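Here is a short note to read beside the model. Take the points in order, and find each residue on screen as you go.

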Amino acid sequence: MSHKYTRPLLMGVLALSISGVAQSQTSQNEAQIMTVQADDTQAKADIRAALAKIDRGLQSRPVPRPIYPPFEDGQIEKWIEDAALARKTILASQDYLPKFAKVDLGSNPGTVSQGAPYDNSDVQRMQRYAASQRAKSDKSYADMSKAMSDGLNGYQNEMQYYKGPTAEENFARLRAYGKAALAIEEGLGRDAAKPKAFLKSLAGYESKLADANAATLENFKLPKAQSKDRKRLKAGKAILETKKYGFGDYGPIVLTTKEIVERERKDKEIEVEDVDVSLSGDVTWSGTETVWTYK
């Protein structure tokens, strides 16, 4: 193996440990690895550098533990991201480590953490670790799949009852859950029939509710406007369009009073802190009086 091929070999290995390579490149690199000679120092140095890259990847991208509902915002998405990255690294390492195992890297005293170069025992160690991580990843995905599937059962029965102003928010929450369940099933390489059916059913209920709301609005008649005050109409529009209030879509705005009427109310609370009784029998109360004025 000439030195002009050692760099493409290294770069191909490093790329795979992060993002994967095409089958044709994999086959070419495998052929290059198989032609490494015992005295080809540069080629072995490249392989050891690639092993170090894979080793760091396996150690720095651990398989996340399963999580269970109730989920915090963004928790499922973070789990999927971490689980996918860990699995991608594991699969890439399992693709290349058996090929590196065919190259005799010798036996070196000490460990890589002590500065010793990678040898045959390190390749075997990494293969065992990758296999254990693969099993851990499979179990983590399977446990998450079971938890998400159980959740889909409950939400499937619940979605039909969503109505009113909170319906849109609830539908969005279930849609995010269904997409997460879909991503987990796809991570396991399954056909994901259940979450797909769930999302389809959810879209159907959303469509039915939207049609029902549209029909209700068509048959609804607004009261006669008592005023056309532009300032009040502008204020009403600003309130409806404030996102944190959650009004959503709206139609015409009608003022049902001729003008703004000021009203005031006061509430009072007395907190007694001390009671004094004189010799003559007079009782004196002392304390704090709090008054709230609503206007």
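1. Start with Tyr 245. Its relative accessible area is 47%. Partly exposed covers the range between the 20% limit for buried and the 50% limit for exposed, so Tyr 245 counts as partly exposed. Keep in mind that this is a predicted model.

2. Now look at Phe 247. Its relative accessible area is also given as 47%. Phe 247 is therefore partly exposed. Tyr 245 and Phe 247 make up one of them, with an edge-to-face arrangement.

3. How far apart are the ring centres of Tyr 162 and Phe 171? The distance is 5.5 Å. Their planes stand at 75°. Planes over 60 degrees apart count as edge-to-face, so this pair is edge-to-face. Are Tyr 162 and Phe 171 buried or exposed? Both are buried.

4. Phe 171 belongs to helix H6, where it is listed among the buried residues. H6 runs over residues 167-187, which makes 21 residues. From first C-alpha to last it reaches 30 Å, close to the 30 Å expected at 1.5 Å a residue. After H6 comes Gly 189, with a positive phi near 75°.

5. Which other residues of H6 are buried? They include Ala 167, Asn 170, Leu 174, Tyr 177, Gly 178 and Ala 181. An α-helix has 3.6 residues a turn, so residues three or four places apart point the same way.

6. At 36% relative accessibility, Gln 160 is partly exposed. What does its side chain reach? The side chain of Gln 160 reaches the backbone oxygen of Asn 157, at 3.1 Å. Gln 160 and Leu 209 are 49 residues apart along the chain. Their C-alpha atoms are separated by 9.3 Å.

7. Asp 122 sits in helix H5. Is Asp 122 buried or exposed? Its relative accessible area is 9%, so Asp 122 is buried. The cut-off for buried is under 20%. The side chain of Asp 122 reaches the backbone nitrogen of Asp 119 at 3.0 Å. Setting aside neighbours within four places in sequence, Asp 122 is in contact with Val 112 and Pro 117.

8. Two lysines deserve a look. Lys 99 lies over the face of Tyr 96, at 4.9 Å from the ring centre. Lys 208 lies over the face of Tyr 205, and here the distance to the ring centre is 5.6 Å.

9. Finish with the strands. Strand E1 (residues 265-277) pairs with strand E2 (residues 283-294) in the antiparallel sense, over 12 bridges. Glu 271 stands opposite Thr 288 in E2. Asp 276 has Thr 284 in E2 as its bridge partner.

10. Where is the positive phi in the hairpin of E1 and E2? Gly 281 takes it, near 100°. The hairpin has 5 residues between the strands.

Definitions and conventions:
Residues numbered from 1 in each chain as written. Predicted model: local features only at pLDDT ≥ 70, side-chain atom pairs only at ≥ 80, totals over all residues. Heavy atoms only, no water. Helix = DSSP H or I, 4+ residues; strand = E, 2+ residues; numbered from the N terminus. Expected span 1.5 Å × (residues − 1). Buried < 20%, exposed > 50% of the residue type's maximum accessible area, 1.4 Å probe, protein only. Polar contact = N/O pair within 3.5 Å; in protein donor to acceptor, adjacent residues only side chain to side chain. Contact = heavy atoms within 4.5 Å. Phe/Tyr/Trp six-rings, centres within 6.5 Å; stacked < 30°, edge-to-face > 60°. Lys NZ or Arg CZ within 6 Å of the ring centre and 35° of its normal. Pairing = 2+ DSSP bridges.
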